[in-house]
Amino acid sequence: MPNLSINESPRVEGAGPVQIHYRETGSGFPLLFLHGGWGYEIYPFDRQIEALRDRFRILIPDRSGYGCSGRIPDFPVDFHQRAAGETLRFLDALRIRRAVLWGHSDGAVIAGILGLGAPERVSGIIFEAFHFYRVKPGSRKFFEELVSRPEGVGERVARTLAQEHGEDYWKELMRNGGRAWLKIADGSSHPEEDLYGCKLSELKVPAMFLHGSRDPRTEPGELDAVRRQLPHTPLHVIEGAGHSPHNESGSAAECNRLANEFLQGIRKELIRR
């Protein structure tokens, strides 16, 4: 799988060229998958790659700090914004002017920041397992346990994380993510402060939401708040699905059906241009 060098990354302060590892397959319009906070292999997009590779050039970068890309010592509180900047540099290095984004979990936050801050680079967005609030009281214990006892994720998950990120590093990666979300919450001025500076309603890029009805990282009222911000953007709640509808056996087919309908519309619009 290929690597490319970007001159610098906001995720790696003070460093020179940064190596980004990525997966690439298919052909057509660029479709960029942005992985969640545990990396790619825990929630792989195998079913989506198989369904879409004949119509899209699929690109899946490991952000700095993940997988085979360079490691970083910590995640600052603005790590989503920094990751958005790194993503733009990744696209620049491949000379890609515009791409469709499919962001999962932390990747969905990054996609939202890109859609708001650089809409000229984004043809459409699929938001999956979207985060809106900065404060997540229902997940605080989860983040605290990631920091204090990352091996508590379970043997199978730990094995996958070790294989992807390194036996000597994966626990620190989990601690980094947990600490960052705790800092995001502790630095918030009120319980309903959002991750987008009260600007999500300004999103003009075509978008849709895919969300599991049993997603444990979703706070009460969080999806209603998203609907108020973007009342005309489809928000599909997939019954019975959890935090990763795209690769859960009971929801992947429905997830693919909804995503395919959305992407067909985006593709037709791109062809007309």
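1. The end of helix 5. In this predicted model, helix 5 (residues 155–165) is followed by G166. The phi of G166 is positive, near 110 degrees.

2. Burial of helix 5. Which residues of helix 5 are buried? They are V157, A158, T160, L161, A162, E164 and H165. The elements that cover these buried residues include strand 2 (18–26) and helix 6 (170–186).

3. Packing of helix 5 against helix 6. Two packed helices are described by the angle between their axes and the distance between the axes. For helix 5 and helix 6, the angle is about 100 degrees and the axes are 9 Å apart. An angle of 65 to 115 degrees counts as roughly perpendicular, and the two helices are therefore roughly perpendicular to each other. Helix 5 contributes A158, L161, A162 and H165 to the contact, and helix 6 contributes W170, L173 and M174. Sorted by class, the contact has 6 nonpolar residues, 1 polar residue and no charged residues.

4. In what order do the 8 strands of the open sheet lie? The order is 1-2-4-3-5-6-7-8, and the pairing is mixed. Strand 1 (3–6) and strand 8 (235–238) are the edge strands, each pairing on one side only. From one strand to the next, the twist averages 25 degrees.

5. The strand 1 side. Strand 1 and strand 2 run antiparallel and are joined by 4 bridges. Within this pair, N3 stands opposite H21 of strand 2.

6. Strand 5 and its neighbours. Strand 5 is parallel to strand 3 (residues 29–34), with 4 bridges between them. Here L32 is found opposite L101 of strand 5. Strand 5 is also parallel to strand 6 (residues 122–128), and this pair has 6 bridges. In that pairing, H104 stands opposite E128 of strand 6. Strand 5, helix 3 (residues 106–117) and strand 6 together make a β-α-β unit, and the unit is right-handed.

7. Burial of strand 5. In a regular strand the side chains alternate between the two faces of the sheet. In strand 5, A99, L101 and G103 point one way, while V100, W102 and H104 point the other way. Are these residues buried or exposed? All are buried. A residue is called buried when its relative accessible area is under 20%. Because 6 of the 6 residues of strand 5 (residues 99–104) are buried, strand 5 is largely enclosed by the rest of the structure.

8. A positive phi at A129. A129 is not a glycine, yet its phi is positive, about 55 degrees. Where is A129 found? A129 is in the loop between strand 6 and helix 4 (140–148). The relative accessible area of A129 is 1%, so A129 is buried.

9. A positive phi at C198. C198 is another residue other than glycine with a positive phi, here near 60 degrees. C198 lies in the loop between helix 6 and strand 7 (207–212). Exposed means over 50% relative accessible area; C198 has 59% relative accessibility and so counts as exposed.

Conventions. Residues numbered from 1 in each chain as written. Predicted model: local features only at pLDDT ≥ 70, side-chain atom pairs only at ≥ 80, totals over all residues. Heavy atoms only, no water. Buried < 20%, exposed > 50% of the residue type's maximum accessible area, 1.4 Å probe, protein only. Pairing = 2+ DSSP bridges. Right-handed = clockwise from strand over helix to strand, strands pointing away. Contact = heavy atoms within 4.5 Å. Axes fitted to C-alpha atoms, helices over the stretch in contact; angles between N-to-C directions. Parallel < 35°, antiparallel > 145°, perpendicular 65-115°, else oblique. Nonpolar A, V, L, I, M, F, W, Y, C, P; charged D, E, K, R; others polar.
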